[in-house]
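Below is a briefing on one protein chain. Please look over the sequence and the fold before reading the points that follow.

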Amino acid sequence: REEEVVFTNAAAKIRLAGTLTVPAGPGPFPAVALLSDSGPQDRDAEQQDYRMFGMLADHLTRRGIAVLRFDDRGVGKSQGNYLTATTADLIGDAQAAMAFLRARNLIDPQQIGLIGHGEGANVALLAAAEPGPAKPAFVVSLAGYGLPGREVLVRQQIEIMRLIGANPAQVKAALDLHDRMIDIIRQTPNDAQARGKVAAALRLNNTDIDPQMARARAAQLTSPWSRYFLDFDPVHKLPHVKCPVLLLSGTADLQVDPAQHMAPLKRGLRNSKISSDRLAGVNHWFQPDPKDWPLVNGIQQPTFSPKALDAVREWVFDNTTRPQP
């Protein structure tokens, strides 16, 4: 059973649109809301013919778990502006999604959890750390961040430079520029002034850069999300999380290396029941090695790792009560 739905984040005065899929049968069913990684994304978290959340929702719903996936603010049919929302604001969207699920007939209000990817995983964990009764019953973190935001951005910059074949001197120059820009942003609370200074630094460092591109990059770096994320400490509130948590990562994840991020999350989550796994050959989008992708009309199609799907489904069932047939 699939239904187009709309729910409201009253505090932010916005309506969010999504798709609710409910298993066949009388229920009541456990349910999850899916929270996307950073950047404005649609309800399927679709990119390049890969519908990450669409595949995850289909798998879970066919096996007895209701799923709500929704367009991020300002995307698709959802209201609001993603560019002005911080990680903290997105907690409100997650809480609104859970409140919507609790009011549905076929869903067990005591068994509503959050599955987040990347930044969405941190939003889910922060929602679980909030005081009051509106917390998730469980959280699945798919490649959640364990390091502070500034460090995440630096490491991602290094990885990008490495992938394009930069030499050590070029990597150092890029990191020095990155640090200078972040210092400018921190020291210049006025956004217009910060944008001007960052754009000037970019053009001074790279005379070939298009002025319009420099301004666009400066606007991105000085956005409310970016300012918040620079000082974001993902583990600060984790001791307040009491619900069960599954930490899942892939060993081929170049954006959120589990070797760096998983240990701080585990330490922070010391008051909750944690399960964790690093899936061999799985990347940041939870795709298996491309050689293992299925062939469709002779062309290999990206797919969600079957190992990851099994791990999420079984863990959710282990931490909820299955509806009786």
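The points below go from the sheet to its crossovers, the cores, single residues and backbone geometry.

The model is predicted: local features need pLDDT of at least 70, side-chain atom pairs count only at pLDDT 80 or more, and totals for chains, interfaces and linings use all residues. Residues are numbered from 1 along each chain as its sequence is written, and side-chain values use heavy atoms, with hydrogens and water left out. Helices (H or I, at least four residues) and strands (E, at least two) are DSSP runs, numbered from the N terminus.

**Sheet**

- The model holds an open sheet of 8 strands with mixed pairing, in the order β1-β2-β6-β3-β7-β8-β9-β10; two strands count as paired if DSSP finds at least two bridges between them.
- β1 (2–9) and β10 (274–279) are the edge strands, and each pairs on one side only.
- From one strand to the next the twist averages 20°.
- Strand β3 (residues 29–35) runs parallel to strand β6 (residues 66–70), and 4 bridges join them. A31 stands opposite A66 in β6.
- β3 is also joined to β7 by 6 bridges, again in parallel, and F29 has I107 of β7 as its bridge partner.
- β7 and β8 run parallel with 4 bridges; here L114 has V139 of β8 as its bridge partner.
- β9 and β10 run parallel and are joined by 6 bridges, with S276 in β10 as the bridge partner of L247.
- In a regular strand the side chains alternate between the two faces of the sheet.

**Crossovers and helix packing**

- The chain passes from β7 through helix α3 (residues 119–129) to β8 in a right-handed β-α-β crossover. Right-handed means that, with the strands pointing away from the viewer, the path from the first strand over the helix to the second runs clockwise.
- A right-handed β-α-β unit is also made by β9, helix α9 (residues 258–268) and β10.
- Helix α10 (residues 306–318) lies across β7 (107–117), β8 (139–142), β9 (245–250) and β10, and runs at about 175° to β9. Axes are lines fitted to C-alpha atoms, for helices over the stretch in contact, and angles run from 0 to 180 degrees between N-to-C directions.

**Burial and cores**

- Of the 11 residues of β7, 9 are buried, and the strand is mostly covered. Buried means under 20% relative accessible area, exposed over 50%, and partly exposed in between (1.4 Å probe, protein chains only).
- The largest nonpolar core has 92 residues, and those with the most contacts inside it are L68, L101, I115, L142 and F286. Such a core is a set of buried Ala, Val, Leu, Ile, Met, Phe, Trp, Tyr and Cys residues joined through side-chain atoms within 4.5 Å.
- Helix α2 (residues 87–102) gives the most to this core, with 8 residues.
- Leaving aside neighbours within four places in sequence, F286 has contacts that include Y50, M52, H117, L142, L248, L279 and F304. Contact means heavy atoms within 4.5 Å.
- A second, separate core has 6 residues, among them M161, A166, V171 and L175.

**Two buried residues**

- T19 lies in strand β2 (residues 14–21) and counts as buried because its relative accessibility is 4%.
- The side chain of T19 makes a polar contact with the side chain of R43 (2.9 Å). A polar contact is a pair of N or O atoms within 3.5 Å; within protein, one must be able to donate a hydrogen and the other to accept it, and residues adjacent in sequence count only if both atoms are side-chain atoms.
- Beyond four places in sequence, T19 is in contact with residues including E3, V5, R43 and L68.
- V75 lies in the loop between β6 and α2 and counts as buried because its relative accessibility is 17%.
- V75 touches P40, Q41 and D42, not counting residues up to four places away in sequence.
- The C-alpha atoms of V75 and A17 are separated by 9.2 Å, and the two residues are 58 residues apart along the chain.

**Backbone geometry**

- The peptide bond from G27 to P28 is cis, with omega near 0°, and P28 lies in the loop between β2 and β3.
- D49, which is not a glycine, has a positive phi of about 65°. D49 lies in the loop between β4 (46–47) and β5 (50–51) and counts as exposed because its relative accessibility is 62%.
- N297, also not a glycine, has a positive phi of about 50°. N297 lies in the loop between β11 (295–296) and β12 (299–300) and is exposed, with a relative accessible area of 77%.
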